[in-house]
Amino acid sequence: MIIKSLDQLNQISLKIIKKINKLDCILLFGEIGVGKTTLTRAIINNLQTQNKQKETEVLSPTFNIVYEYEINSFKIMHYDLYRLKTDKEVRQLGIFDHDINTIKIVEWAEIIKEKPKDRLEIYLTHEDNKDTRNIKFKLFGKWEGFNAN
Ligand SMILES: Nc1ncnc2c1ncn2[C@@H]1O[C@H](COP(=O)(O)OP(=O)(O)OP(=O)(O)O)[C@@H](O)[C@H]1O
Ligand SMILES: [Mg+2]
């Protein structure tokens, strides 16, 4: 699907939120500057708004690896694996270990070898126009049947 604006990206984040629950896992793929953090920010800010919280800043966790957001009865762990080199480092993070009431959103998910059964994979690529992106979804487990249109 072609995304022509940040507003359209925001609409897609709302479609994703409709299907999200406390155990969810979203893996983001795509090169630098393609919009992984921008989409994550939209998901987190819209979840905050829907849960009657103030929108917070959502920064890229490139250097910290993970930032955490508390939303009423659940939390969101936003990971960026760009700086990790080995599968061992990924496993040590235990991204999928503390599964209770935690939504996991992971940028640079290419490095993950063992992925959870239920997951939404999102692939972003650049198009010719500066503000245009191509977004593709791969659906696994509970996400099968998801339609972002
Ligand atoms: N349609 C669009 N979708 C997403 N981002 C867009 C779009 N149009 C313009 N942009 C801009 O592209 C940039 C995307 O940067 P962002 O930090 O989200 O990328 P990233 O994939 O997270 O990069 P990194 O790999 O460094 O983490 C932002 O400045 C955003 O405003
Ligand atoms: Mg990013």
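This is a predicted model: local features need pLDDT of at least 70, side-chain atom pairs count only at pLDDT 80 or more; totals for chains, interfaces and linings use all residues.
Biologist: Why is Asn72 called exposed?

Modeller: Asn72 has 11 other C-beta atoms within 10 Å. A residue counts as exposed if that number is 12 or fewer. Because 11 falls under this limit, Asn72 is classed as exposed.

Biologist: What is the phi of Asn72, and what kind of value is it?

Modeller: The phi of Asn72 is near 30 degrees, which is positive, and the residue is not a glycine.

Biologist: Where is Trp108 found, and what is its phi?

Modeller: Trp108 belongs to the loop between β5 (102–107) and β6 (119–126). Its phi is positive, about 55 degrees, although Trp108 is not a glycine either.

Biologist: Why is Trp108 called buried?

Modeller: Around Trp108 there are 20 other C-beta atoms within 10 Å. The class of buried residues begins at 20 or more.

Biologist: Let us turn to the ligand. How many residues surround ligand 1, and which are the closest?

Modeller: Ligand 1 is surrounded by 18 residues, the closest being Gly35, Lys36, Thr37, Thr38 and Asp131.

Biologist: Which helix gives the most to this shell?

Modeller: That helix is α2, with three residues. Both α1 (6–19) and α2 (36–50) supply at least two residues each to the shell around ligand 1.

How values were computed: Residues are numbered from 1 along each chain as its sequence is written. Chains are lettered from A and ligands numbered from 1 in the order in which they are written. Helices (H or I, at least four residues) and strands (E, at least two) are DSSP runs, numbered from the N terminus. A residue is near a molecule or strand if its C-beta atom, placed from the backbone, lies within 6 Å of it.
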